[in-house]
Amino acid sequence: MPEPLQPTTETTCCIIGGGPAGIMLGFLLARSGVEVTVLEKHLDFFRDFRGDTIHPSTLQLLHELGLLERFLSTVPHSVIHRIAANIGGREFPIADCSHLPTVCKYVALAPQWDFLNFLSAEAAKLPNFTLRMGWQATSLLQDERTNRITGVTAQTPEGPHQITADLVVGCDGRHATSVASAHLNVIEQGVPIDVLWLRIPRLPTDSESGLGYINYGRLLVLINRNDYYQAAYIIRKGTFPEVQQAGLPAFRASIERIAPFLAGRTSELDSWDKIKLLTVQINHLEQWSIPGLLCIGDAAHAMSPVGGIGINIALQDAVAAANILAEPLRTHTLTDWHLRHVQTYRQTAVRRTQRLQITAHKFLNRILQNPGPVTPPLALRIATRIPGFQHLAARIVGLGFQPEHICTTPHPCPIPKTNP
């Protein structure tokens, strides 16, 4: 007997992935009058040790959407006005956000699940926005005649389901089903580091500044989450088994050695289950789109955690994509050129950011290879004394190379929208 037909839903835009890029893009498109369905494979947004930095550029987007005051008043968060590094026992100011041309001159730190719950709740107020939790995209639908992507097959709590759409957008991260199903070419960059995520108790008397501690072949970044730090412990690529073999007491001692004020606080790290490995990647797709499919965010270009800018780059992708695609999606005049234009418009800023991260990796790798006391580099000692250095660093970290803004009119395009 033939298999029963799968239930099918029609939408204008189907977004795979309910992370920051997917929820923001869905919200902006729905706000512009486009029917949107977002698929999120998990039943909730709660995943610990995800990026929690909400940079000034993202807070500015919330301001432009009229959501900033509500976000700041309802979502628990802490703030960082200055970023510093403690190198070899000496503290160096790196970035000062006080001169940024934004409403909020600081980095907000909030659990990503709170940010996504907030944004999806705002999107749910729009009649043409649908969020399907527990719906996992398993493959793409493709027209055999034209090879155009026409939708998604998803596994749902009720069984398989098909969603047909004018456009599918892959926002499903660095292990994207969208990328694998479309056989898009991923270009990998060599990365010499991995990151261990963990929690360390924080006291009210601790510094408010965002701090990185570098010494004795180790690097520790402490992210203030009010009553605890979300800590990133940098290790050489692939050496986590060696760290585990040395034992938890040695691991805790290495943390307290480079950040002595944490003495006694690492005792809570009594199991390797409390320490999560993030395998760091930097890559990018050769092309972000094929007919009927566009990939953005980590699906199109995995970012390093250096600078904590991955979320904000993904959100800027989403804003640019919405600005470019909303009108042609709403009027059903979308062409392949529009999809290619998203990549053309965004990829320079993304690649410049990745090159900066690769340069930072080389510096970190040199540190990890030297187990002795670190002498602060002369170039850094000079740079941090140059007037304007901290403000420039804050612009790069806080705004990025190409900050995006919410548009109420179609995105300006430098060449005609019709294909030759």
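Reader: Is Ser98 buried, partly exposed or exposed?
Author: This is a predicted model. In it, Ser98 is partly exposed, because its relative accessible area is 37%, and partly exposed covers the range between the buried limit of under 20% and the exposed limit of over 50%.

Reader: Where does Ser98 lie?
Author: Ser98 belongs to the loop between strand E6 (90-96) and strand E7 (107-109).

Reader: Which residues is Ser98 in contact with, leaving aside neighbours within four places in sequence?
Author: With those neighbours set aside, Ser98 is in contact with Lys105 and His391. There is also a polar contact of 3.0 Å between the side chains of Ser98 and His99.

Reader: Let us change topic to Glu40. Is Glu40 buried or exposed?
Author: Glu40 is buried, since its relative accessible area is 7% and the limit for buried is under 20%. The residue is found in strand E2, residues 36-40.

Reader: What does the side chain of Glu40 reach?
Author: That side chain reaches the backbone nitrogen of Gly18, at 2.8 Å.

Reader: What about Arg225: buried or exposed?
Author: Arg225 is buried, with a relative accessible area of 7%. Its place is the loop between strand E15 (218-224) and strand E16 (228-236).

Reader: By how many Å are the C-alpha atoms of Arg225 and Cys13 separated?
Author: The separation is 36 Å, for residues 212 apart along the chain.

Reader: Now the whole chain. How many helices and strands does the chain have?
Author: The chain has 11 helices and 20 strands. Of its 420 residues, 53% are buried.

Reader: How does the radius of gyration compare with that of a compact globule?
Author: The two agree: a compact globule of 420 residues would have a radius of gyration near 22 Å, and the chain has 22 Å. The C-alpha trace spans about 65 × 55 × 40 Å along its principal axes.

Reader: What share of the contacts comes from residues 24 or more positions apart?
Author: Such pairs account for 76% of the contacts with a separation of 6 or more.

Reader: Lastly, how many positive and negative side chains are there?
Author: There are 36 positive and 34 negative side chains, and the centres of the two sets are 9 Å apart. As for the surface, the chain exposes about 18700 Å², and carbon and sulfur atoms supply 55% of that area.

Technical notes: Residues are numbered from 1 along each chain as its sequence is written. This is a predicted model: local features need pLDDT of at least 70, side-chain atom pairs count only at pLDDT 80 or more; totals for chains, interfaces and linings use all residues. Side-chain values use heavy atoms; hydrogens and water are left out. Helices (H or I, at least four residues) and strands (E, at least two) are DSSP runs, numbered from the N terminus. The radius of gyration is taken over C-alpha atoms; the globule rule is 2.2 Å times the number of residues to the power 0.38. Buried means under 20% relative accessible area, exposed over 50%, partly exposed in between (1.4 Å probe, protein chains only). Contact means heavy atoms within 4.5 Å. Accessible areas come from the Shrake-Rupley method with a 1.4 Å probe; for residues, only the protein chains shown count as cover. Lys and Arg count as positive and Asp and Glu as negative; His and the chain ends are not counted. The place of a charge is taken as NZ of Lys, CZ of Arg, CG of Asp or CD of Glu. A polar contact is a pair of N or O atoms within 3.5 Å; within protein, one must be able to donate a hydrogen and the other to accept it, and residues adjacent in sequence count only if both atoms are side-chain atoms.
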